[in-house]
Every structure is written in C-alpha cells, then in structure tokens.
Amino acid sequence: MGTFTLHQGQSNLIKNFFRQYYSNANLELPKDMELREFALQPFGSDTYIRHLSFVSIDELKNYIVNVNIPLHLFYSSARYQLPAAKNMDEKGWMGSDLLFDIDADHICQLRSIRFCPICGSEVSSEKCERDGSEAIEYTEMTNECINRGLDEARKLVDIIENDFGLKPKVYFSGNRGFHVQVDCFGDCALLDSDERKEIVEYVMGVGVPEYPAGDDTAPGWVGRRNRGIKGVEVDEQVTIDTKRLIRIPNSIHGKSGLIVKELNSIDDFKLNESLSPFKGFTVFLPYITIETEALDRRIKLYRNVPIKIEASIGVYLHLKGLGEVKAYVR
C-alpha cells in the first residue's frame with residue numbers, strides 16, 4: 001500500500017477553514033509591529049518562513065490570506081532596527097518583552113499512544129512494521145491537566161505582580177498550556193539572557209531559603225513563602241531567549257484549531273468548543289478505534305467509520321492526527 005506521511009493540516013478543507021478565519025480575524029498586534037520579525041509555518045511544510053516584516057495589519061492579513069496561509073503564526077518578542085534582515089546579527093536588537101511558557105503536559109502524566117494510520121494498530125517504533133507507514137503519536141489533553149496549568153499561571157501572575165511590580169498578560173497557547181507576557185520597555189526590555197535566567201530561576205523557586213513566618217505582603221522569598229508559593233513550573237529556555245517567537249494572539253494554533261486567546265480572568269477559563277472559531281458540522285473519518293477526551297467531551301471513534309461531528313471537534317481531532325475531515329456540513 002506504500003507509505004503514509006501526515007502533514008498536520010494538509011487537508012484543503014482545513015486550509016480553507018483557516019483562510020476564511022484569517023480573512024476576518026481581529027489579530028492582536030503590538031503597536032510597534034514594524035519593529036518585529038514575523039514568521040509562519042505554512043500548510044504542508046515542516047519548516048518556517050522567517051524574517052518577514054509588515055508595517056500594517058492590512059499588509060499582514062493580505063499576505064496570510066492570499067500568499068501563505070499559516071498553520072502557525074508568530075511575531076518576535078524582540079524589537080529590531082531591521083526585522084527583515086536574514087542574519088540575526090544584522091537585525092539590530094533593540095530589546096525584548098519578558099516571556100514565560102507553561103506547558104500543562106510537562107506537569108501531568110498524560111495518556112499517549114503511537115499508532116499506524118493505515119492499519120490502525122498501536123506500534124512501538126517510528127514506523128509500522130506491517131505497512132511501513134510513519135507512526136502517529138497522539139497525546140490526550142484533559143481538562144484536569146489544563147486546570148493544573150492554570151494553577152501554575154495563577155502563581156506566576158502572583159510573583160510577577162507582587163515581587164516584580166510588573167503587569168503580566170496571560171494567554172491560552174491554543175493547545176496545551178499558557179503564555180504569560182510582560183510588555184517591556186526601558187531597562188526591562190534590555191535585560192540580557194543571564195539576567196532573564198536569574199528571573200526565571202527565582203520564579204521556579206531555585207534556591208528558596210528557609211524564612212520564619214512573617215508579613216505575607218512582603219516582597220521576595222518571605223512574601224512568597226507566606227503566600228504558599230515555592231516555585232512555578234515554566235519552560236526556562238523561553239524566558240532566557242531574547243529573540244523568541246510569540247504566537248500572535250487571536251491566531252489559530254495549527255495543532256488544535258483553537259484560538260490563541262488572552263484570558264481576562266484565569267478563573268473563567270474552560271478548555272471547550274468555545275475556543276474554536278469553526279462552526280457547523282464535519283464528516284470525520286477516524287484512523288483508529290479509540291475513546292478519548294476532546295475539548296471537554298468524551299468521544300468514541302471507530303476506525304474507518306465516518307461520523308458527523310461538530311466542526312470544532314472534527315478539526316481538533318484531525319490536527320491531532322486521529323483521522324481526516326472529509327466534508328463540511330452546514
């Protein structure tokens with residue numbers, strides 16, 4: 001039967017969904033967007049297109065709707081004199097925002113399976129021995145795990161506000177976790193990698209000293225101890241990197257079909273279908289028989305048995321590699 005290679009989002013139907021969304025999307029961009037590098041991963045490609053520069057939202061939207069529809073869409077945390085320069089040293093770094101990344105799947109023990117998309121059987125290696133097909137790995141994201149990520153985000157916001165006196169913004173990453181961002185100017189923006197490393201180690205609770213109980217409003221280790229915060233589970237490399245790419249708020253995450261969204265209230269966040277921009281229904285053809293949690297729903301799939309399911313769920317399952325969206329039903 002030959003080999004089977006899956007490119008996430010390769011389906012023309014899914015690509016059209018993304019194009020329609022971006023035609024009307026209200027992307028949240030920094031006021032100094034002309035100083036930022038933009039990047040994207042197009043459909044059907046494993047590589048990024050980088051070193052893009054746009055001076056207006058209209059110019060960006062024309063590019064992503066008519067030239068390269070993005071599976072993933074980013075801008076730089078850094079400001080540059082020449083953001084379109086191909087050589088990083090020639091860009092002229094002017095400072096960066098402060099970023100933190102919380103991956104819920106690094107906090108939880110999640111169910112993960114590897115299977116062959118042709119025969120539907122679980123496999124233990126990179127390829128199916130029977131069909132020679134490249135295996136697909138699926139990890140089930142649960143609301144329970146996302147809620148644990150939310151708890152880490154709450155603690156992180158507490159530290160940033162109370163110990164550093166900064167105002168963070170919290171975003172759902174669109175897939176498995178949360179981004180916490182501080183818009184930095186002046187000295188904050190010019191922090192180098194070593195200084196950012198000190199900040200992230202403080203956040204993670206590296207070297208927390210033992211202090212007696214005291215005023216829980218005190219800054220630093222004393223206040224943290226009394227507020228019950230020892231350390232926060234974050235991706236250290238994201239904070240240290242002064243030239244990191246950020247997912248554009250209100251863009252679509254290409255591994256889920258969900259919107260990268262700012263959280264006005266952490267307590268009100270729910271991982272469900274409301275995070276998807278896709279309405280109506282799809283006909284979905286599963287590669288595998290499985291029962292799984294998807295966007296706060298228990299879904300039972302049967303291999304090669306098409307089902308009519310909400311577009312939000314169908315796109316999500318497709319981008320997770322569990323099958324194909326065969327048709328759109330209004």
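Which residue has its charged end over the ring of Phe281? Select Phe281 together with Lys308, and you will find that the charged end of Lys308 sits over that ring, 5.0 Å from its centre; a charge is said to sit over a ring if NZ of Lys or CZ of Arg is within 6 Å of the ring centre and within 35 degrees of the ring normal. Next select Tyr80 and Lys91, where Lys91 lies over the face of Tyr80, at 5.4 Å from the ring centre.

Before going on, note that this is a predicted model, in which local features need pLDDT of at least 70 and side-chain atom pairs count only at pLDDT 80 or more, while totals for chains, interfaces and linings use all residues. Residues are numbered from 1 along each chain as its sequence is written, and side-chain values use heavy atoms, with hydrogens and water left out.

**Aromatic pairs**

Rings of Phe, Tyr and Trp (its six-membered ring) pair if their centres lie within 6.5 Å, and planes under 30 degrees apart count as stacked, over 60 as edge-to-face and the rest as tilted. By this rule there are 13 aromatic pairs. Select Phe18 and Phe278, whose ring centres are 5.9 Å apart with planes at 25 degrees, so this pair is stacked. Phe18 belongs to helix H1 (residues 12-24), whereas Phe278 is in the loop between strand S12 (261-262) and strand S13 (281-286), 260 residues apart; helices (H or I, at least four residues) and strands (E, at least two) are DSSP runs, numbered from the N terminus. Both Phe18 and Phe278 are buried, where buried means under 20% relative accessible area, exposed over 50%, and partly exposed in between (1.4 Å probe, protein chains only).

Now move to Phe164 and Tyr202, whose ring centres are 5.5 Å apart and whose planes are at 85 degrees, so the pair is edge-to-face. Phe164 lies in helix H3 (residues 143-164) and Tyr202 in helix H4 (residues 193-204), so the pair ties together parts that are 38 residues apart in sequence.

**A strand and a helix**

Select strand S7 (residues 112-115), which has a covered face with Ile113 and Phe115, and an uncovered face with Ser112 and Arg114. S7 pairs with strand S8 (residues 136-139) in the antiparallel sense over four bridges, a pairing that requires DSSP to find at least two bridges between the strands.

Finish at helix H7 (residues 311-319), where nine of its nine residues are buried.
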